[in-house]
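Please open the model in your viewer and keep the selection tool to hand. We will go from stop to stop, with something to select at each one.

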Amino acid sequence: MAKLKVALYWAASCGGCEIAQLEIGEKILKLAEAADIVFWPVAIDVKYKDIEAVPDQSIDACLFNGGIRNSEQEHMANLLRKKSKIMIAYGACAYEGGIPGLANMFNRQTIFDRVYSETPSTDNNDKIVPQTNYQVPEGELTLPEFYDTVRTLRQTVDVDYIIPGCPPEEKTTWLALEALIEGKLPPKGSVITHNVKAVCDECPRKRDVKKVKKFYRTFEIISDPEICLLEQGLLCAGIATRGGCGAPCPQTNMPCTGCYGPVEGVIDQGANFLSAVASVIESNDPEEIQRIIDDIHDPVGTFYRYSLPDSLLRRARIK
Amino acid sequence: MNFEPKILGILCKWCSYAGADLCGTSRKKYPPNIRIVRVMCSGRVEPTFILKAFEKGADGVLICGCHPGDCHYAEGNYKTVRRFPLLKKMLSQLGIEDERVRLEWVSASEGERFASIVSEMTEQIRRLGPFSRNNGGGNG
């Protein structure tokens, strides 16, 4: 059998997805037996023009991580889509925008103002901000255009499969790679994980009645290691998050932050999580409810930690 | 051209929908800007419904249910009481004006009250202008 051709690319991401891909450990030898890596900016020296030169549809699968923040990333998403038979959104950023997607609370202007002039450590009296082109004696220099809004890969190109997680767990990565190598991929559009409905289904903590009078941030209490974190007033997203990760966070006393995305059938993870959190509040008195809610300091950052660009509203409105 | 707001009304079957019905049968007038969906209880209204309404082009969403204590299902509307303020807090963070999303208790006998709520809300949203999801940022 001819070897598979695989490309890997990073867009608006942190580099953690590359580490997660290497986490498959010695199984990488099995991958190397079955596939040639033709493009991987983090590890091998292949230029963009080399990819432009290969025939369309000649790459078997592209694992694309990171959201679409600027014009270069958009160009590469389109290019790799054209060259690849299968496009896989790898990780929370490509899937739902991820942490960089929280920048959708702002736009280019407000981000540039903050980053290039307002931060206390910045000394930029000439108000120099990135420009898409600039004339120097040697010729014209160009930079990609920075967009107002972070988009997901699915909002940019046609995506065949999704591997969720920030970053995806090793077993999830291997589940997808094994299916790819053996030619046993699920139907197009699938989110590839071990078939677990929600993080709670894999969480060993004891669950009883969820009635909360006060919400805490993680540093405000020492949580009981045996009992459900949400029942203790910690905003654990396990209840609104797809399982398959093995619930590693709640097992180390950290509430789930929701990186595996919404459970099957849910279109807006944040609204779903919000609804679940509101339902555990133990009060019928509007004033007391308001006091309890006041403890949730950043609803968007909590409920849409990884999914603001993929939510129904996609971004904040800025006056 | 004058801007005519599109408002989605989500009304509980037992009190508010009957209240809106009474409003009609008693020939009270209110603006035609509201489109009403009947649900079994205001507790059925998931936050997703409200976001979806905005995504589909609504300029405002009105939710009406039975007065606290009057719920046909005893405490369905208390679920709304808990959910709604948290949703409002999140919507204000996302830059959605307070007037665009409203929760009101309307009993089956309060037809006139329903008419005045719809009239008031329509005027408020007319002043605010259309809802645009991409306001303040392109490529959305």
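**Before we set off**

This is a predicted model, in which local features need pLDDT of at least 70, side-chain atom pairs count only at pLDDT 80 or more, and totals for chains, interfaces and linings use all residues. Residues are numbered from 1 along each chain as its sequence is written, while chains are lettered from A and ligands numbered from 1 in the order in which they are written.

**Stop 1: chain A by domain**

Colour chain A in three parts: domain 1 (4-99 + 150-181), domain 2 (109-147) and domain 3 (199-303). These bounds come from an automatic or database domain assignment. Now place a centre on each of the domains 1 and 2 of chain A: their C-alpha centres are 29 Å apart. Four residues from domain 1 of chain A and four residues from domain 2 of chain A make the contact, where contact means that C-beta atoms, placed from the backbone, lie within 7 Å. On the domain 1 side, select β4 (68-70) and α4 (71-83) of chain A, the elements that give two or more residues. Helices (H or I, at least four residues) and strands (E, at least two) are DSSP runs, numbered from the N terminus. What classes of residue does domain 1 of chain A show to domain 2 of chain A? That side has no nonpolar, two polar and two charged residues. Here Ala, Val, Leu, Ile, Met, Phe, Trp, Tyr, Cys and Pro count as nonpolar, Asp, Glu, Lys and Arg as charged, and the others, Gly among them, as polar.

**Stop 2**

Select strand β3 (residues 59-65) of chain A. Six of its seven residues are buried, so β3(A) is largely enclosed by the rest of the structure. A residue is buried if 20 or more other C-beta atoms lie within 10 Å of its own, exposed if 12 or fewer, and partly exposed in between, with C-beta atoms placed from the backbone. Strands pair if DSSP finds at least two bridges between them.

Show side chains and follow the bridges across: Tyr9(A) has Phe64(A) as its partner in β3(A), and Phe64(A) in turn has Ala89(A) as its partner in β5(A). Trp10(A) stands opposite Asn65(A) in β3(A).

Is β1(A) enclosed or open? Five of the seven residues of β1(A) are buried, so this strand too is largely enclosed by the rest of the structure. Strand β2 (residues 35-39) of chain A runs parallel to β1(A), with four bridges between them; Ala7(A) has Phe39(A) as its bridge partner there.

**Stop 3: an exposed loop residue**

Jump to Glu182(A), in the loop between α7 (170-181) and α8 (248-251) of chain A. Glu182(A) counts as exposed because it has 9 C-beta neighbours inside 10 Å. Draw a distance to Ile86(A), 96 residues away along the chain: the two C-alpha atoms are separated by 14 Å.

**Stop 4: chain B**

Switch to chain B, which has four helices and four strands in the order β-α-β-α-β-α-β-α along the sequence. Its C-alpha atoms fill a box of roughly 45 × 35 × 20 Å along the principal axes. Of the 140 residues in chain B, 51% are buried.

**Stop 5: where the chains meet**

Show both chains: 28 residues of chain B are in contact with 32 residues of chain A. On the chain B side, α2 (47-55) and α3 (76-93) each supply at least two residues, and α3(B) has the largest share, 11 residues. By class, this side of chain B has 11 nonpolar, nine polar and eight charged residues.

**Stop 6: the core**

Finally, select Ala7(A), Tyr9(A), Cys62(A), Phe64(A), Ile88(A), Ala89(A) and Leu274(A), which touch the most other members of the largest nonpolar core, a set of 127 residues. Such a core is a set of buried Ala, Val, Leu, Ile, Met, Phe, Trp, Tyr and Cys residues joined through C-beta atoms within 7 Å. α3(B) gives the most to this core, with seven residues. End on Leu274(A): among the residues it touches, not counting those up to four places away in sequence, are Phe303(A), Leu86(B) and Met90(B).

Definitions and conventions: Two residues are in contact if their C-beta atoms, placed from the backbone, lie within 7 Å.
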